[in-house]
Amino acid sequence: MTREELILKWLDNDLSPQEFEAFKALEDYDELIKLSNSLKEFKAPEYNTSEELEMVLSKTRSYSKTSNNWLKPLLKVAAVLAICFSAYYYTTTLDTIIETLASEKTNIELPDNSLVNINALSSIVYNKKKWSNSRDLKLNGEAYFKVEKGSSFTVKTDHGKVTVLGTEFNVKQRENLFEVVCYEGSVRVDYKSKSKILKPGDNFLILDGKYIATEKESTINPTWITNESYFKSLPFKFVLNEFERQYNLIINSEDIDDSVLFTGNFTHDNLEQALKAITIPLNLTYNIQSNQIVLIPRD
Amino acid sequence: MPKNLKNHVCEEALFSSLFNKHSKNLHDFLYYKFGSSLNPKDKVQDAFIKLWENCSNVSPEKAKSFLFTVANNMMLNEVKHQKVVLGFQKIKPKNYTSETPEFIMEENEYFNKLQKGLANLSEAQRTAFLLNRIEGKKHKEIADMLDISTKAVEKRIYGALKKLRETIKEL
């Protein structure tokens, strides 16, 4: 047996007693044994299997594997759904606001098919979501309502409240003026402590905080619906304010008395005609200066 | 054979038995291959945790090679090709009462040489050689552990011995 074979067998701890004697006789026996013994000093640190196992198990137990598998993606999905839902909820429960600018009119249909005509420079606010429970809306300006039959329909303004069951009526709310005209059915108007039921043709007018009795309305629609503004014994300044709204311009009335009562109408489609319609009866004339109209008394 | 009945290791009892069987070998393998600076104990834990996370995909027969591969890769990710230095137990048992200072000095010198010699071996040589010499593993056991042939183990160990002796003589 060669020296190399002996060493190999020794390395594999596989020497028979005889072979071991032969190995002992090798010249480098001492060196090999010394090397081998010295190597023992390089032994890896003690490894405590059960202690290490406890540590690993405590880690694997600390997180639940199953929940980790489906909970994370589920949470992601849930988060997205929550965002979508809240966005949807937020947008659908938001109040709907409809506004008109000066010299603009619009028609809208409410969720219950009730129709609203909105006059110039007015706004209504209502909530689509809550509409089926309570037909409430807020009006600022003037609007004509054709209400479908159903539960009570309420129009709130800064001046007062109008409640109906199903009818056609016009609500006009301007500075110092609050007017409700009933065209069909019946309307209840609450103004401060005052409450009045209007029958078709009845008119409820508050001017500068005072109730003014007027005669019955003969028209079946408010005139502004057909692009005309009609006034009956109203101070001239209300006429001018309405004129400004319909034509989107400024009227200078410094030189005239705007508290005279005016009865008459003006059209919304023809500025010249309309100006004549409001000035001639009061013996006035006018000057057009850029976007301003100056009213002056006729000599 | 019970191990053929299962194709996953998701049971804690099975997992524990795998741990008892392989963790020490894995630890020694990592220690002799990469030294102590990269904390082989932590790598063993990490490898077993990886095994637990992937337990449904690993059959018990594949677990050993999974563990060794994962741990080895984790080590390689950290290793920066520095020389592996194996620490030797500095405090030696005082068996000899008649140690002369020269003897102690010679001994220390010899250990330093040995340390350098081990650092000079290739990873494969050092791992096989030290598993054999220090842990007393038979060639066959090492071959099973590293998934190589007995012949290759023999070659590595013998090569390591030769190279080590040469280095010691040179120094």
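## Where α4(A) meets chain B

In this predicted model, α4(A) and α2(B) pack at about 45 degrees, with their axes 10 Å apart. Axes here are lines fitted to C-alpha atoms, for helices over the stretch in contact, and angles run from 0 to 180 degrees between N-to-C directions. That angle makes α4(A) oblique to α2(B); angles under 35 degrees count as roughly parallel, over 145 as roughly antiparallel, 65 to 115 as roughly perpendicular and the rest as oblique. The crossing of α4(A) past α2(B) is right-handed. As for the handedness, a crossing is left-handed if the near helix is turned anticlockwise from the far one by less than a right angle, and right-handed if clockwise. On the α4(A) side you'll find Glu52(A), Met55(A), Val56(A), Lys59(A) and Thr60(A), and on the α2(B) side Lys41(B), Val44(B), Gln45(B), Phe48(B), Ile49(B) and Trp52(B). Contact here means that the C-beta atoms of two residues, placed from the backbone, lie within 7 Å. By class, the contact of α4(A) with α2(B) splits into six nonpolar, two polar and three charged residues. For these classes, Ala, Val, Leu, Ile, Met, Phe, Trp, Tyr, Cys and Pro count as nonpolar, Asp, Glu, Lys and Arg as charged, and the others, Gly among them, as polar.

Now for α1(B). Sorted by class, the contact of α4(A) with α1(B) has three nonpolar, four polar and two charged residues.

## The interface as a whole

Stepping back, 20 residues of chain A are in contact with 33 residues of chain B. On the side of chain B that touches chain A, α1, α2, α4, α5 and α7 of chain B each put in at least two residues. The biggest giver is α1(B), with nine residues. That side of chain B divides into 18 nonpolar, nine polar and six charged residues.

A residue is buried if 20 or more other C-beta atoms lie within 10 Å of its own, exposed if 12 or fewer, and partly exposed in between, with C-beta atoms placed from the backbone.

Leaving out residues up to four places away in sequence, Leu67(B) touches His22(B), Leu26(B), Ala47(B), Phe48(B) and Leu51(B).

## Chain A in outline

Chain A has seven helices and 19 strands. These are DSSP runs numbered from the N terminus: helices are H or I with at least four residues, strands are E with at least two. Of the 299 residues in chain A, 22% are buried. Among contacts in chain A with a separation of 6 or more, 38% link residues 24 or more positions apart.

## A few residues to look at

Tyr230(A) sits in strand β15 (residues 228-235) of chain A. With 15 other C-beta atoms within 10 Å, Tyr230(A) is partly exposed. Neighbours within four places in sequence aside, Tyr230(A) is in contact with Thr223(A) and Asn265(A).

Ser233(A) is also placed in strand β15 of chain A. Though not a glycine, Ser233(A) has a positive phi of about 50 degrees. Ser233(A) is exposed, with 12 other C-beta atoms within 10 Å. Over in chain B, Asp147(B) lies in the loop between α6 and α7. Asp147(B) isn't a glycine either, yet has a positive phi of about 60 degrees, and it counts as exposed with 10 C-beta neighbours inside 10 Å.

## Reading the numbers

Residues are numbered from 1 along each chain as its sequence is written, and chains are lettered from A and ligands numbered from 1 in the order in which they are written. As this is a predicted model, local features need pLDDT of at least 70 and side-chain atom pairs count only at pLDDT 80 or more, while totals for chains, interfaces and linings use all residues.
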